[in-house]
Amino acid sequence: MTTFAVLQPREVPLGGYRAITVRRTLPHVERTSVGPFIFADHFGPAAPSMDVAPHPHTHLATCTWLFSGRVRHDDSAGHHLDVVPGDTVLMVAGNGIAHSEYSWPDGPELHGVQLWLGYPTDERHAERGLHHFTTDAVTHGGVTARVFLGELVGEVGEVGRAAGGEVGTAAGGAVPEDARFGSSPIPAPRRALAAELRMRPGATLTLPLGREVGILVDSGSAELGDGSTSATSKNCATAGPAALAYSRGPVAEATITAGADGATLVLLAGDPYGEDLLMFWNFVGESESAVRAARDDWEDERTRALRYGVVEGYPGHEGEPTRAQVDRIPAPPMPSVRLRPRRNR
């Protein structure tokens, strides 16, 4: 039987100089991925302070999802746009891409999540590029969803108390509602599913999946369990703000139940990653030599331009350090010991 657990976040500075503090749940010592999602950060709500200078990625995809705020994205493939709430921007690194992300001091409050997705070996060499999609909010019963990866269908209900005092779904005799929340045209690996869910107190959403599943809670609290979860079942896990509840393996069906104050969360699901992940900093490779070469190429001025391209449009900083010192984020030194692949426990 698949069980459920919770990862508590840890605070991490993101972006080197002038770093923004994020709350990270993936990767974690207890879990390195949920489906293809290999990285999950939660940030804000806070004054706009994101300023991440150009930096590289290889053989993964990044996705920023905002609840509020505005983030400027510039990349070396020639894409320049503002990411705002409701927008999905999936940047595919391929063999190498560089980008910058920053907000404006006078902009709206910054609040959202950043996700990274890993590609299986046979899909890693897709061309670098950007996918952009603006979602629609769809409401069924007590659940409003914005689907930004994959397709979301399920059954919406609510937790109530029957005459005998037992807790169950469909309070007051209401019939659970079959719900289609829409889909995203953005291609993503391992049947990836991602959606923002805003749930009223006691609302439930039951999903047919056959995949691993997690919920990254923004506000309120929510319980994640299999489709048979009941008041007497222990096969579930409850997460609060910035924590991630997840399944230890695929589940045929999952139920999300909002707590007494309701919940805003990001649903994540997908097929198991299925192989060990060799990764250092922002570089994924099929071997240690490939990862080391990716780092060396970023640190060498000539190979950096050839492999990763040039990010146009990043404004740099005023004051100290000088702009020349922050035109890119240097890669950290490689460890002196052999790289070990990340494995889910």
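User: Which residues does Leu267 touch, leaving out those up to four places away in sequence?
Analyst: This is a predicted model. In it, Leu267 touches Leu152, Leu193, Ala194, Ala195, Leu197, Leu207, Val213, Gly214, Ile215 and Ile256.

User: What about the second core, which residues does it include?
Analyst: It is separate and has 27 residues. Leu7, Trp65, Leu149 and Leu216 are among them.

User: Back to Leu267. How many residues are in the largest nonpolar core?
Analyst: That core has 33 residues. Leu267 is one of those with the most contacts inside it, along with Leu152, Leu197, Ile256 and Leu265.

User: Which strands each supply at least two residues of this core?
Analyst: They are β14 (143-149), β15 (151-161), β17 (177-183), β18 (193-199), β19 (203-226), β20 (236-239) and β22 (251-270). The largest share comes from β19, with nine residues.

User: How much of the protein counts as buried?
Analyst: The protein has 345 residues, and 55% of them count as buried.

User: New topic. Where does Pro201 lie?
Analyst: Pro201 lies in the loop between β18 and β19.

User: Is Pro201 buried or exposed?
Analyst: Exposed, because its relative accessible area is 52% and the cut-off for exposed is over 50%.

User: And which residues does Pro201 touch, again leaving out those up to four places away?
Analyst: Pro201 touches Gly259, Ala260, Asp261 and Gly262.

User: What share of the contacts with a separation of 6 or more comes from residues 24 or more positions apart?
Analyst: Those residues account for 77% of them.

User: OK, secondary structure. How many helices and strands are there?
Analyst: Two helices and 24 strands.

User: In what order do the seven strands of the open sheet come?
Analyst: The order is β2-β3-β4-β11-β6-β9-β12, with antiparallel pairing. At the edges are β2 (10-14) and β12 (129-134), each pairing on one side only. Neighbouring strands in this sheet are turned by 25° against each other on average, direction ignored.

User: How many bridges join β9 and β12?
Analyst: Six. Strand β9 covers residues 87-92, and the pairing is antiparallel.

User: Now rings. How many aromatic pairs are there?
Analyst: The structure holds five. Trp65 and Phe148 form a stacked one, 4.3 Å centre to centre with 10° between the planes. Trp65 is in β6 (residues 60-68) and Phe148 is in β14, so this pair ties together parts 83 residues apart in sequence.

User: Are Trp65 and Phe148 buried or exposed?
Analyst: Both Trp65 and Phe148 are buried.

User: What kind of pair do Tyr102 and Tyr314 form?
Analyst: Edge-to-face, at 5.8 Å centre to centre and 70° between the planes. Tyr102 is in strand β10 (residues 97-102), and Tyr314 is in the segment after α2 (301-308), 212 residues apart. Tyr102 and Tyr314 are buried.

User: Last one. Which ring does the charged end of Arg304 sit over?
Analyst: The ring of Trp298. The charged end of Arg304 is 5.8 Å from that ring's centre.

Methods. Residues numbered from 1 in each chain as written. Predicted model: local features only at pLDDT ≥ 70, side-chain atom pairs only at ≥ 80, totals over all residues. Heavy atoms only, no water. Core = buried A, V, L, I, M, F, W, Y, C linked by side-chain atoms within 4.5 Å. Buried < 20%, exposed > 50% of the residue type's maximum accessible area, 1.4 Å probe, protein only. Helix = DSSP H or I, 4+ residues; strand = E, 2+ residues; numbered from the N terminus. Contact = heavy atoms within 4.5 Å. Pairing = 2+ DSSP bridges. Axes fitted to C-alpha atoms, helices over the stretch in contact; angles between N-to-C directions. Phe/Tyr/Trp six-rings, centres within 6.5 Å; stacked < 30°, edge-to-face > 60°. Lys NZ or Arg CZ within 6 Å of the ring centre and 35° of its normal.
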